[in-house]
Amino acid sequence: MGSIVFYESSFQYNESSKPDRYVPGLSDGCRPENDFIISKRNNGSVLSKYSDDIWILWPYATTPKKPSPLIFSDMCEEIKTDIKWLMFILIYLVNTGRSNTLSPGSLTLYMTVLKRLSAFSNMNNTTPCEVLGSSILLKKFVVSVEDKCAILRLLAPLLAQLFLLGTKATGIYSINKNIIDEIRQLYRHNHPIVRQHAVIPPRIFSHLLTQYWRIIDMVDAHQDNLTKFIKKCNSSNSYARSRKTQYLLGLRYGKYDAFFKDAVAEHGLVEFFRYFNVKGLAKLTSFLTQLQHVCKELIHAYSGMRDSEARSLKIDCLRVEKNQHGATVHLLGETSKLIGQRKTTAWVTSDEIIKAVKVAKGIALVVAYCKGFKIKLMPLFVSVSYLSFNVSLPNIEDGININCNFSKKCNQATQLIDLMPLKILDTDLQHLEKIDPLRTWREEPEFQIG
């Protein structure tokens, strides 16, 4: 009697969040039942089933940033069944990457390809699986897409995996390898030249760090008063609010709470807030976000962490080990760089970074105090939107959110500093030319003097 073939989800999970096991059955490309569990929360409760039009995968993320959900609701039923099956194949049957898995973040990228495929199928009165199994339809699809480079980069490996799995496993007729090679060649033809990220010239880098440390020193000197101010603003919905806000709350002349200006004076923060142009509670929220950016930039500079690794830091990430030569400072975080899955590791850094971590920790602690969060669960760069003087509060059902602004290209730390010393000079270009003399730095628009 033969043994039963089954597949486990490729996601990284604990026992509580483990999804269902997939047993293909006897027929080719046997698809799961509607009640098949795709994802669970860390407490074991069900997040998404196969029949759902939204698959939520954040418990299996390999970085602290929560991946976008996979949304199928904008497709007609026949096309939706194919797209769900293709996504299921990527989760359960495909072996790829360093850890032979695709992360939820990678799956959201594949979803962009499948969305295009679903739209093309709908316009051509066919189905996604029929397109993937037909060289004529596939070529027509490739011609129809505008951003060919982005689509082809993911389409080629998807087709290769379907080819390797075969029709028996997927129920999808696989096109021949020559067509896959043609798509790879087309991708290489359309792929733009990507230049290595430029080294920051030392003059600019030095100015940048000097200004960041000046900010950290100022905040460190005022952090106790700043913390007391935030706690009092959080405990009262009228303290430090405008006359109009307090009036709408039912307060009247002679009964008004301290307005923002007076509340700031009570806490000895007048000059501090004036320097950073903090003129109200809304601006205070922006300032705290900018301050987190400053701390994170310094951590990058003094540890070499990647973005996702700095996001992973917890409030107790700092470790200082005394030895005969002084002290060794480590930052404990998580990385997925080496094996494709989150793994705890440590970065050696300078003792100078202790003050920056202290400032970021101070912000996290005051958020924990105001929301009643457990300290050991706190991210170092928690979202300051949790403070009650913000208009909209983030949902805390699915864990404690980090600063969502880290996902944006804009570096908010630079809003607190003087940018004039950071403008490119001829000496900076000379430095870049010494590093890479074959690159025409002066012809690239982003490296012009000034």
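**Close-up views of a predicted model**

**View 1. A salt bridge joins Lys18 and Glu8.** In this predicted model, the side chains of Lys18 and Glu8 come together in a salt bridge, with 3.7 Å from N to O. Both residues belong to the segment before strand E1 (37-40), so the pair ties together parts that are 10 residues apart in sequence. Lys18 is partly exposed, with a relative accessible area of 22%, and Glu8 is likewise partly exposed, at 24%. Side chains of opposite charge can pair when their charged atoms come close.

**View 2. Arg184 and Asp181 pair within helix H6.** The salt bridge between the side chains of Arg184 and Asp181 spans 3.6 Å from N to O. Because these two residues are 3 residues apart in helix H6 (residues 177-190), about one helical turn separates them. Arg184 counts as partly exposed at 32% relative accessibility, and Asp181 counts as partly exposed at 25%.

**View 3. Glu444 and Arg439 form a salt bridge.** Here the N to O distance is 2.7 Å. Glu444 counts as buried, at 8% relative accessibility, and Arg439 is buried too, with a relative accessible area of 11%.

**View 4. Helix H1 is mostly covered.** Helix H1 (residues 77-92) has 16 residues and reaches 22 Å from its first C-alpha to its last, which is close to the 22 Å expected at 1.5 Å a residue. Of its 16 residues, 13 are buried. A network of salt bridges links Asp53, Glu77, Lys80 and Lys84.

**View 5. The largest nonpolar core has 70 residues.** The residues with the most contacts inside this core are Phe229, Phe273, Leu284, Phe287, Leu288, Leu298 and Ile299. Several elements each supply at least two residues of the core, among them helix H11 (281-303), strand E6 (326-335) and helix H13 (353-371), while the largest share, 12 residues, comes from H7. Leaving aside residues up to four places away in sequence, Ile299 touches Gly304, Met305, Leu313, Leu331, Ile353, Val357, Leu380 and Phe381. Apart from this core lies another, of 54 residues, including Tyr50, Cys129, Val131 and Val142.

**View 6. Cys233 and Cys295 are buried cysteines.** A search of the whole structure finds 0 disulfides. Cys233 is in none, and the nearest cysteine sulfur, that of Cys370, is 9.3 Å away. For Cys295, the closest cysteine sulfur is in Cys317 at 11 Å, which is too far for a bond. Cys233 has a relative accessible area of 0%, and the value for Cys295 is 0%.

Note on methods: Residues are numbered from 1 along each chain as its sequence is written. This is a predicted model: local features need pLDDT of at least 70, side-chain atom pairs count only at pLDDT 80 or more; totals for chains, interfaces and linings use all residues. Side-chain values use heavy atoms; hydrogens and water are left out. Helices (H or I, at least four residues) and strands (E, at least two) are DSSP runs, numbered from the N terminus. The expected span of a helix is 1.5 Å times one less than its number of residues. Buried means under 20% relative accessible area, exposed over 50%, partly exposed in between (1.4 Å probe, protein chains only). A nonpolar core is a set of buried Ala, Val, Leu, Ile, Met, Phe, Trp, Tyr and Cys residues joined through side-chain atoms within 4.5 Å. Contact means heavy atoms within 4.5 Å. A disulfide is a pair of cysteine sulfur atoms within 2.5 Å. A salt bridge is a side-chain nitrogen of Lys or Arg within 4 Å of a carboxyl oxygen of Asp or Glu.
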